[in-house]
Amino acid sequence: MRGQDQQIQAAVQEQRGRLLAFIRRRVPDPADAEDILQDVFGELVESYRMLKPVEKVAAWLFRVARNRITDLYRKKKTASLEEEMLRYADDNEEGALLLADVLPAADDAPENRLLRETLMEALAEALDELPKNQRDVFVWHELEGKTFKELAAETGVPLKTLISRKHYAVQHLRQRLQVLYNNLFTD
């Protein structure tokens, strides 16, 4: 055991400076860089403790560091995606385009009434083609005006799942209604 400790200590003293410089070139936050360095050395110690000594220590340390850096960026990307989804779920977000925003005015003008009826019929047909869970989320959110947070509380379905279901519903509806849109609104 004493020999292993000496090998680990020698590797840490020998490689610490180079390894930290390598990590800092790839990770701008000094605290994150230091955390990665400690994780790498912790993994080295663990490897020796599990009786799996490392033959080419320097190469192994740099490979583990690259993997930890990749993990850090994946984690940040996932966190960023989750924040973006939550912003999308916030119905008070400015610029959110709802179905009511694209339908013609609900007045008594004959052309608006006919256009509105045509669009709603096409929408109803396209909605019938959706799986029930996607259709329900779309209807609840767009037509009934419920927020994703309300839907999550009412249904017990995770927020991300509800957002995903609506996303797939919207993709299908866009594709399905594109022909009608082209016929009505383009020359």
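This is a predicted model: local features need pLDDT of at least 70, side-chain atom pairs count only at pLDDT 80 or more; totals for chains, interfaces and linings use all residues.
**Entry 1: start at a glycine**

Residues are numbered from 1 along each chain as its sequence is written, and side-chain values use heavy atoms, with hydrogens and water left out.

**Entry 2: the overall layout**

I went through the secondary structure and found eight helices and zero strands. Helices here are DSSP runs of H or I with at least four residues, strands are runs of E with at least two, and both are numbered from the N terminus. Read from the N terminus, the order is α-α-α-α-α-α-α-α.

Next I looked at burial, where buried means under 20% relative accessible area, exposed over 50%, and partly exposed in between (1.4 Å probe, protein chains only). The chain has 187 residues, and 30% of them are buried. Its accessible surface comes to about 12700 Å², with 51% belonging to carbon and sulfur atoms; the areas are from the Shrake-Rupley method with a 1.4 Å probe, and for residues only the protein chains shown count as cover.

I also checked contacts, meaning heavy atoms within 4.5 Å. Of those between residues at least 6 apart in sequence, 59% join residues at least 24 apart.

**Entry 3: back to H7**

H7 spans residues 148-155, and I found Phe148, Leu151 and Ala152 buried in it. Why do they line one face? Seen down the axis of H7, the buried residues fall within an arc of 100°, so they sit along one face of the helix. The arc is taken from the directions from the helix axis to the C-beta atoms. On the face turned away from the buried side I noted the exposed residues Lys149, Ala153 and Glu154.

**Entry 4: H6**

H6 has twelve residues and reaches 15 Å from its first C-alpha to its last, close to the 16 Å expected. Its buried residues are Gln134, Asp136, Val137, Phe138, His141 and Glu142. Gly145 follows H6, with a positive phi near 75°.

**Entry 5: the nonpolar core**

I then searched for nonpolar cores: sets of buried Ala, Val, Leu, Ile, Met, Phe, Trp, Tyr and Cys residues joined through side-chain atoms within 4.5 Å. The largest has 22 residues, and Leu19, Ile23, Leu44 and Leu61 have the most contacts inside it. H1, H2 and helix H3 (57-89) each supply at least two residues of this core. H3 gives the largest share, eight residues.

I listed the partners of Leu19, leaving out residues up to four places away in sequence: Leu37, Val40, Phe41, Leu61, Phe62 and Ala65. As general background, nonpolar side chains in soluble globular proteins tend to be buried together.

**Entry 6: salt bridges**

My rule was a side-chain nitrogen of Lys or Arg within 4 Å of a carboxyl oxygen of Asp or Glu. How many salt bridges does it give? The count is eight.

Arg16 pairs with Glu34, the closest N and O atoms being 2.9 Å apart. This pair links distant parts of the chain, Arg16 in helix H1 (residues 2-26) and Glu34 in helix H2 (residues 30-49), 18 residues apart. Arg16 counts as partly exposed at 33% relative accessibility, and Glu34 also counts as partly exposed, at 24%.

With Glu125 it forms a salt bridge at 3.7 Å between the closest N and O atoms; Glu125 is in helix H5 (residues 110-128) and Arg176 in helix H8 (residues 159-185), 51 residues apart. Glu129 also meets Arg176, at 2.8 Å, N to O. Glu129 lies in the loop between H5 and helix H6 (132-143), 47 residues from Arg176.

**Entry 7: one last residue**

I finished with Thr70, which is found in helix H3. Thr70 is partly exposed, with a relative accessible area of 35%. Its C-alpha is 9.8 Å from that of Arg26, a residue 44 apart along the chain.

Conventions:
The expected span of a helix is 1.5 Å times one less than its number of residues.
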